[in-house]
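Work through the exercises below with the model open. Each task is followed by a stepwise solution.

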Amino acid sequence: MQSNCLDTNQFTILAKQEARLNTAYWLSSLITEKSASIANTPVEKSEIKSFERQIKVMLKHVKADIKQQSQDTQENVKQELDFVKKFCQHSIKTKSKRGLLSAIGFPIKGDTEILEQEIVYVREKSDRQDNHILDQHWYKATAILYELLKNRSSSSWFKLSANKDKEQLKKVTELYSPNINVIEKECKLFVSQLSLNQFQSLELEEQLTEDYLQMFAAGRALKDIVATTLSIRSGLISRFIYRNKNERLINSVLENLNPAQERLILSCIAKGNTVRRVIDADVID
């Protein structure tokens with residue numbers, strides 16, 4: 001959601017583009033999550049195929065509509081499209097071997113590089129001055145969380161910088177905890193810049209408010225799991241003394257991390273779909 005000096009037509013086009021990119025990006029994340037299991041059911045495999053089709057439709061329409069945008073918004077959308085397209089291609093390309101390689105503990109070629117680029121992408125979105133406060137806070141918190149998750153993964157959850165990490169997690173909590181009045185105000189501002197009747201406006205405001213509440217709640221839940229890793233004792237002697245506690249904490253993280261990530265992904269997809277159902281119905285699903 002952006003609040004720059006665009007007319008209603010240009011703002012609507014931009015809102016469509018951002019919602020489409022949002023859908024493609026998070027559906028790709030969902031493909032990665034679901035294909036990490038070696039025991040995908042036929043239904044899950046069918047879902048992944050459906051996600052692929054939706055992604056292709058979204059990217060096709062983003063590319064086609066760039067020419068309709070003003071110079072003020074074209075460049076940002078082009079840059080986002082370049083990354084999201086690369087992100088989607090990697091997710092789809094690696095899906096067939098992800099389950100097996102994950103099961104035997106082998107890294108997926110290209111994952112490290114795409115994660116680095118993803119963190120840069122999210123950080124850049126958090127720094128965009130034309131973004132509303134909600135989106136700035138959301139992307140800033142998410143970038144910090146992704147960085148922490150990357151560090152945990154690369155250090156097998158043991159090499160921790162506890163004090164620094166605790167400060168970062170405190171910041172994430174603050175960013176993921178906007179006041180309800182701020183959420184309602186920002187959603188109202190966004191909707192006011194679209195050409196909708198009173199009924200559509202009220203309905204969209206209410207649903208967007210609920211979507212943001214769900215997104216931030218999912219973010220806080222994922223943050224709590226990352227915070228759990230700070231309780232894992234990393235020293236050699238500590239690992240021996242607190243072995244049972246460490247095992248419980250590690251098992252808790254391994255059990256809850258993927259569901260929490262999927263919850264976050266689904267909440268973000270829901271917000272994009274809410275917008276597209278109102279202003280992009282001709283290319284919905």
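**Exercise 1: Two helices crossing**

The axes of helix 3 and helix 4 come within 11 Å and cross at roughly 150 degrees. The model is a predicted one. Task: find the handedness of the crossing of helix 3 and helix 4, then list the residues that make the contact.

Solution. 
- Step 1. Look at how helix 3 passes helix 4: the crossing is left-handed.
- Step 2. Collect the contact residues. Helix 3 supplies Glu 80, Phe 83, Val 84, Lys 86, Phe 87, His 90 and Arg 98. Helix 4 supplies Asp 111, Ile 114, Gln 117, Glu 118, Tyr 121 and Lys 125.

**Exercise 2: One face of helix 4**

Task: compare the span of helix 4 with the expected value, then say where its buried residues lie around the axis.

Solution. 
- Step 1. Helix 4 covers residues 111-127, which is 17 residues. From first C-alpha to last it reaches 24 Å, close to the 24 Å expected at 1.5 Å a residue.
- Step 2. Pick out the buried residues: Ile 114, Glu 118, Ile 119, Tyr 121, Val 122, Lys 125 and Ser 126.
- Step 3. View helix 4 down its axis. The buried residues fall within an arc of 160 degrees, so they line one face of the helix.
- Step 4. Recall the helix geometry. An α-helix has 3.6 residues a turn, so residues three or four places apart point the same way.

**Exercise 3: Classify a packing angle**

Task: classify the packing of helix 7 and helix 8 as parallel, antiparallel, perpendicular or oblique.

Solution. 
- Step 1. Take helix 7 (residues 180-192) and helix 8 (residues 198-228). They pack at about 135 degrees, with axes 9 Å apart.
- Step 2. Apply the cut-offs: over 145 degrees counts as roughly antiparallel, and 65 to 115 as roughly perpendicular.
- Step 3. Helix 7 and helix 8 are therefore oblique to each other.
- Step 4. Among the contact residues are Ile 183, Cys 187 and Phe 190 of helix 7 and Leu 204, Leu 208 and Tyr 212 of helix 8.

**Exercise 4: The setting of Leu 81**

Task: decide whether Leu 81 is buried or exposed, and name what it touches beyond four places in sequence.

Solution. 
- Step 1. Locate Leu 81 in helix 3 (residues 71-103).
- Step 2. Its relative accessible area is 10%. Buried means under 20%, so Leu 81 is buried.
- Step 3. Leu 81 touches Leu 21, Leu 59, Val 62, Lys 63 and Ile 66.
- Step 4. Take Leu 59: it sits 22 residues away along the chain, with 7.5 Å between its C-alpha and that of Leu 81.

How values were computed. Residues are numbered from 1 along each chain as its sequence is written. This is a predicted model: local features need pLDDT of at least 70, side-chain atom pairs count only at pLDDT 80 or more; totals for chains, interfaces and linings use all residues. Side-chain values use heavy atoms; hydrogens and water are left out. Helices (H or I, at least four residues) and strands (E, at least two) are DSSP runs, numbered from the N terminus. The expected span of a helix is 1.5 Å times one less than its number of residues. Buried means under 20% relative accessible area, exposed over 50%, partly exposed in between (1.4 Å probe, protein chains only). The arc is that of the directions from the helix axis to the C-beta atoms. Axes are lines fitted to C-alpha atoms, for helices over the stretch in contact, and angles run from 0 to 180 degrees between N-to-C directions. Angles under 35 degrees count as roughly parallel, over 145 as roughly antiparallel, 65 to 115 as roughly perpendicular and the rest as oblique. Contact means heavy atoms within 4.5 Å. A crossing is left-handed if the near helix is turned anticlockwise from the far one by less than a right angle, and right-handed if clockwise.
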